[in-house]
Amino acid sequence: MTTEVLLINPPDFKSKYKKYFNIRAPPLGIAYIASVLDENDIDVVLMDCAAEDIGYDEMARKVGELDPFLVGVTSTTPLIPEALRSIQVAKEASNAYTVLGGPHPTFMHEDILNQNESVDFVVKGEGEYTVLDLYQTLREEGDLSNVEGIVFRSEGRVVENEDRALIEDLDSLPYPARHLLPTDKYVVFDDRMSITTMVCSRGCPMQCSFCASSALHGKAIRKRSPTDVVDEMEHVKETLDVSTIAFMDDTFTLLPDWVREFCRELKDRDIDIGWGCTARVDKIDRDMIELMRDAGCHTIFIGVESGNQEILDRVKKGTQTSQVKKIFETANDVGMRTVASLAIGLPGETRETVNRSIQFVKDIKANYALFSIATPYPGTEFYNNMKDIGKIKGEWGDYDLFSPVVETTTLTLEEIHSLQKQAFKEFYLRPTYIMKNLVKEGVPFFKVMSAILKQSMKQSN
């Protein structure tokens, strides 16, 4: 059997979110690339090693059987070791050209090509039409210098072609090729909470120093039309056995008028499927939360980051703690489930500010809280600042939001990790909180509690 293009989501045996929370989400990036290739009559296969627990031996066997012309592997920063090994496996098991894409390769392409001979090409940024162009050029033995958005080696040196323009009309993209993915493997907490993911926009105009989104997708937000998004939701409802859709936009509520039009369209069509999304506290209000709830939204994920205004200002979050309090109070009153996301170890963090943040997130009565470790990902202002002053430690595989890689002025890596575990314990191990949410949430909450206990009691490696 021979296939033209094989796209791989690399193995993920170390993710704490996968191990403890059983969060397995479809890889939208390569699913979009696959849909564009398929639309152009190019044979494509997707291999989601993370979802199907495929190891390198099985990967090598499958690559050998498929004998692909081109193999593409996607990678975030913490999975770059696995992605590079996957590329090597593909090289050894076939004669395929190899391509690496995703957020980490976009920003670290030169280092990757200089240090890894198995990687033939790096695709920067949005890869749908770059991969298509690269495949066609390779098949036709054309001039690689004309392929926008790639980086490769030529005559012993790294060559970076001109960037490809961002895709302005997102409605023109076909839906992600979910039919090529193991859709029954994507769950949160247990098999009864089967999910798929969607995006309505790309780009972010916010200035947060810890986020690479604007560097990856641009500062100008590009939105799909509400009709196109609801069309896809209807398609998902008709073709997949899923109970909820998670919108993965950086900030789903960034354009309030768009959200209102989307909710009205969704209600008019009476599509019975639950959904959750991200929100900024300065881009949402009671009317919007009620409208979203009435249109099927059951969960909003809010980047609180810190309960200390000085830290929020330092990282250019652009929100006020007073706004956070108001929106969580409103969401609780409306009956919307909330997930508060905080980062421990941001610039200026101390033991006292962490303790205040823990108390803050308890006071706002979030239904769930995620306490990540502040991580300076390549492409962010946070990373550039920490690199300039020589504070970054650890390997790329440590950039998993649970392993500290940068100290603050007053906190060591070990102290940051200890404070993260303290935060999980103090928030979740409250008798009244446990009883209230067991009654309200049932089995899924029990799953979360079990995961939290495992993680918080686990000793540092």
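Me: Let's call a residue buried under 20% relative accessible area, exposed over 50% and partly exposed in between (1.4 Å probe, protein chains only). Is D41 buried or exposed?

Reply: This is a predicted model numbered from 1 along each chain as its sequence is written, and local features need pLDDT of at least 70, side-chain atom pairs 80 or more, while totals for chains, interfaces and linings use all residues. Side-chain values rest on heavy atoms, with hydrogens and water left out. D41 has a relative accessible area of 72%, so this residue counts as exposed.

Me: Where is D41 found?

Reply: D41 is not a glycine, and yet its phi is positive, near 60 degrees. Helices (H or I, at least four residues) and strands (E, at least two) are DSSP runs, numbered from the N terminus. D41 is found in the loop between α2 (28-39) and β2 (44-48).

Me: What is the phi of L401?

Reply: L401 sits in the loop between α15 (381-388) and α16. With 24% relative accessibility, L401 is partly exposed. This residue is not a glycine, and its phi has a positive value of about 75 degrees.

Me: Which residues have the most contacts inside the largest nonpolar core?

Reply: A nonpolar core is a set of buried Ala, Val, Leu, Ile, Met, Phe, Trp, Tyr and Cys residues joined through side-chain atoms within 4.5 Å. The largest one here has 65 residues, and those with the most contacts inside it are M233, F247, F262, W275 and M292.

Me: Which helix gives the most to this core?

Reply: The core in question is the largest nonpolar one, with 65 residues. Its top contributor, with six residues, is helix α16 (residues 413-428).

Me: How many aromatic pairs are there?

Reply: Rings of Phe, Tyr and Trp (its six-membered ring) pair if their centres lie within 6.5 Å; planes under 30 degrees apart count as stacked, over 60 as edge-to-face and the rest as tilted. By this rule, the count is 22.

Me: What is the distance between the ring centres of F121 and F152?

Reply: F121 and F152 make a tilted pair, with 45 degrees between the planes and a centre-to-centre distance of 6.0 Å. This pair links distant parts of the chain, with F121 in strand β5 (residues 121-123) and F152, 31 residues apart from it, in strand β6 (residues 150-154). F121 is buried at 4% relative accessibility, and F152 is buried at 8%. The distance asked for is 6.0 Å.

Me: What is the angle between the ring planes of F371 and F427?

Reply: F371 and F427 form an edge-to-face pair, 6.2 Å from centre to centre, with planes at 65 degrees. This pair also links distant parts of the chain: F371 lies in strand β16 (residues 368-373) and F427 in helix α16, 56 residues apart. F371 is buried at 1% relative accessible area, and F427 is buried at 0%. The plane angle is 65 degrees.

Me: Which residue lies over the face of F427?

Reply: A charge sits over a ring if NZ of Lys or CZ of Arg is within 6 Å of the ring centre and within 35 degrees of the ring normal. F427 belongs to one aromatic cluster with F371, F402, F424, Y428 and Y433. Over its face, at 4.6 Å from the ring centre, lies R430.

Me: How far is the charged end of K223 from the centre of the ring of W258?

Reply: Here the ring belongs to W258, and the charge over it comes from K223. The charged end of K223 is away from the ring centre by 3.8 Å.
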